[in-house]
Amino acid sequence: MQGTFDVEMSVLSHLMLYVDDMENYATPSSILKKEYFSDCRTRKVFEKMCNSVLRKNFVGETSLIDEENGIDREFILDIMGTNPIVDIERYIKVLRDAYHKRKLSLELFKIANELENDLEYQEALQRLENAQENIATPSTFRSFSDWADFVQDRDKLPVLATGVDFIDVSFNGGLECGQLVLISGEADAGKTALGIQMLKHISKSEPVLFFAFEFTLRKFISAQREIEGQDWRNDNLLIEVENNDLDMVAYHIKKANKENGVRFFLIDSQMRLICDIEGNEEKSETFKFFTLATLARKLEVVIVLIVQTSKKDPNTPIGSKKANHEADVFIRIEHEKSEDKDKPYSTTSRKISVIKNKQNGHIFTTQVGFNGFLRSFFDLEKRAPKESFIDAPEITMSMF
């Protein structure tokens, strides 16, 4: 973890980049308070940002300069040049704990000075105990009854129908919001195809956001118009193809949810996400899942992440042993053996396994139909779509 001053700079950098977040921290009841900033300059910058937000003013570089308090343009540029952080609440706790330690240290210093004079030993212990109680972080636990009232007052989490039969049936109507869903599978088994199938269905009724990092936009559009028709348009299907840094992905998820009402996000894929934090691969990869899971629950949205796994451990995303712990739903797609000896695997069916399901606990493996031309899955108990060209060549992901 960085030093306190560096953390303060990172927090301010985050708030300057994600200005919308300032609304959550500008009021006196916020969990982030100006006294948490130990440096007079960072404290003043935060205070000026809060005042600007409360007055509905633009938070910009010029409005934050205050040379009388040592805040010149160079200092603001230093803040803007500091790497922002995704999990700001974790860093706020660092600042809060450091603030409490400073208060406790001052009180201890006062008690030590008074002990050298007339303060009695027992009274000093009592003063120390009182100081600890006054400075300690307030507890956040509540009684069962209080929490029951809190939950009852909130709306039930919405369920998004995916349009994929075996998912909607198995998950009681669709995927419940507030979940991180992982899709893994063998090469060319249809991981992205399943995600896009859900994405397109939901986009018929509301906006969705696709982080398309695995293939070019030109090839994706060409493939979709090959399937849907050359005049096909979809104003609800929002696409991001450039900003694959985890911080920026998190920013776009929050922005799209707030401004466009997006509740369904597809990210393709884990290995394209850039996460620049200190530590080894395990720490970096795990932080991706932790960040996305936290966002999904906090915003009450569905985030689908396509992940890569190894042959030795097909049920664990590469680089993170803790990824499964963060996920709410984990779906795996595998090829079926082909009856045709000349083909390595079946082009008309796949094996689907739901290996984790926090939504309703239904864990299962089933065989499903796969339409290679439409790049879509269907329940084998139902008739395949009329447009199903089973013998047509597959539109593979390499064509995207």
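Apart from residues up to four places away in sequence, S349 touches E336, Q367, V368, G369 and F370, where contact means heavy atoms within 4.5 Å. The model is predicted, so local features need pLDDT of at least 70 and side-chain atom pairs count only at pLDDT 80 or more, while totals for chains, interfaces and linings use all residues. Residues are numbered from 1 along each chain as its sequence is written, and side-chain values use heavy atoms, with hydrogens and water left out.

S349 belongs to strand β9 (residues 349–357); strands (E, at least two residues) and helices (H or I, at least four) are DSSP runs numbered from the N terminus. With 9% relative accessibility, S349 counts as buried, that is, under 20% relative accessible area with a 1.4 Å probe and protein chains only. Its C-alpha atom is separated by 6.3 Å from that of E336, 13 residues apart along the chain. The side chains of S349 and S346 are joined by a polar contact of 3.2 Å.

Attention now turns to helix α3. In this helix, T42, V45, F46, M49, C50, S52 and V53 are buried. Viewed down the axis of α3, these residues fall within an arc of 165°, so they line one face of the helix; the arc is that of the directions from the helix axis to the C-beta atoms. Their cover includes α1 (4–17), α2 (22–25), α4 (61–64) and α5 (73–81). At the N-terminal end, D39 caps α3, with a side-chain oxygen 2.8 Å from the backbone nitrogen of R41. Just after α3, K56 takes a positive phi of about 60°.

How values were computed:
Buried means under 20% relative accessible area, exposed over 50%, partly exposed in between (1.4 Å probe, protein chains only). A polar contact is a pair of N or O atoms within 3.5 Å; within protein, one must be able to donate a hydrogen and the other to accept it, and residues adjacent in sequence count only if both atoms are side-chain atoms.
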